Amino acid sequence: MKPFQKLDGLVAPMDRANVDTDAIIPKQFLKSIKRSGFGPNLFDEWRYLDVGQPGQDNSGRPVNPEFVLNQPRYQGAQILLTRDNFGCGSSREHAPWALEDFGFRVLIGPSFADIFFNNCFKNGLLPIRLAADEVDALFVQCHAAEGYRLAVDLQACTITRPDGKVIAFEVDAFRRECLLNGWDDIGLTLRHADKIRDYEARRRIDQPWLFA
């Protein structure tokens, strides 16, 4: 998992409430359990005017010009503004995989579905919950100014707007430490690799019949 410490990133506004995980990555793309390759099909049913299939070449598909992520001003966005209950629906971990593979590192909204919220931290995404009025103000500024960017500092737990206003946010201390260091569940386990090897070596001596 890539560490996250600071990001000065372009912002894209997803001005819809209750965006579910089937909209984030439709069910036909769940056949793969790799963590990569889902970005081209993020929000597939909204980005394209036809029905996408796994392994399909997306370069020739008809694109929906009205969808926000297809608009030129938001190309390369790394921060996604969201509305209430983003990531609701099924618990598919493919949703944060697709968002991260597309290029997003930060999600900012008033609320997120619980399982999706937890899955984001495990996959290198930083979901930030802010008060609804703060999110409203970010949407207004983002819509008004092309090239709108925010500076996110996980060490300080702050967001700095282009006008200089600093917004504080809260993150669970353990999750913050994992993101700062790039530790997913496997990474956390491998921090104890020496102890694991010592245990396995002792086990070979104490219970040799298991290794016959």
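Helix H4 is followed by Gly124, a residue with a positive phi near 85 degrees. This is a predicted model, and its chain holds eight helices and seven strands.

**Helix H4 and its cover**
- H4 spans residues 114-122, and its buried residues are Phe116, Phe117, Asn119, Cys120 and Phe121.

**The nonpolar core**
- The largest nonpolar core is made up of 57 residues.
- Phe116 is one of the residues with the most contacts inside this core, and so is Leu126; the others are Phe43, Phe86, Leu99, Ile108 and Phe169.
- In general, nonpolar side chains tend to be buried together in soluble globular proteins.
- Leaving aside residues up to four places away in sequence, Leu126 touches Phe4, Arg105, Val106, Leu107, Phe121, Val152, Leu154, Phe169, Val171 and Leu179.

**The chain as a whole**
- The chain has 212 residues, and 44% of them count as buried.
- Of the contacts between residues at least 6 apart in sequence, 65% join residues at least 24 apart.
- Along the principal axes, the C-alpha atoms fill a box of roughly 70 × 40 × 25 Å.

**Surface and charge**
- The accessible surface is about 11,100 Å², with 51% of it belonging to carbon and sulfur atoms.
- There are 26 positive and 29 negative side chains, and the centres of these two sets are 5 Å apart.

Key: Residues are numbered from 1 along each chain as its sequence is written. This is a predicted model: local features need pLDDT of at least 70, side-chain atom pairs count only at pLDDT 80 or more; totals for chains, interfaces and linings use all residues. Side-chain values use heavy atoms; hydrogens and water are left out. Helices (H or I, at least four residues) and strands (E, at least two) are DSSP runs, numbered from the N terminus. Buried means under 20% relative accessible area, exposed over 50%, partly exposed in between (1.4 Å probe, protein chains only). Contact means heavy atoms within 4.5 Å. Accessible areas come from the Shrake-Rupley method with a 1.4 Å probe; for residues, only the protein chains shown count as cover. Lys and Arg count as positive and Asp and Glu as negative; His and the chain ends are not counted. The place of a charge is taken as NZ of Lys, CZ of Arg, CG of Asp or CD of Glu. A nonpolar core is a set of buried Ala, Val, Leu, Ile, Met, Phe, Trp, Tyr and Cys residues joined through side-chain atoms within 4.5 Å.
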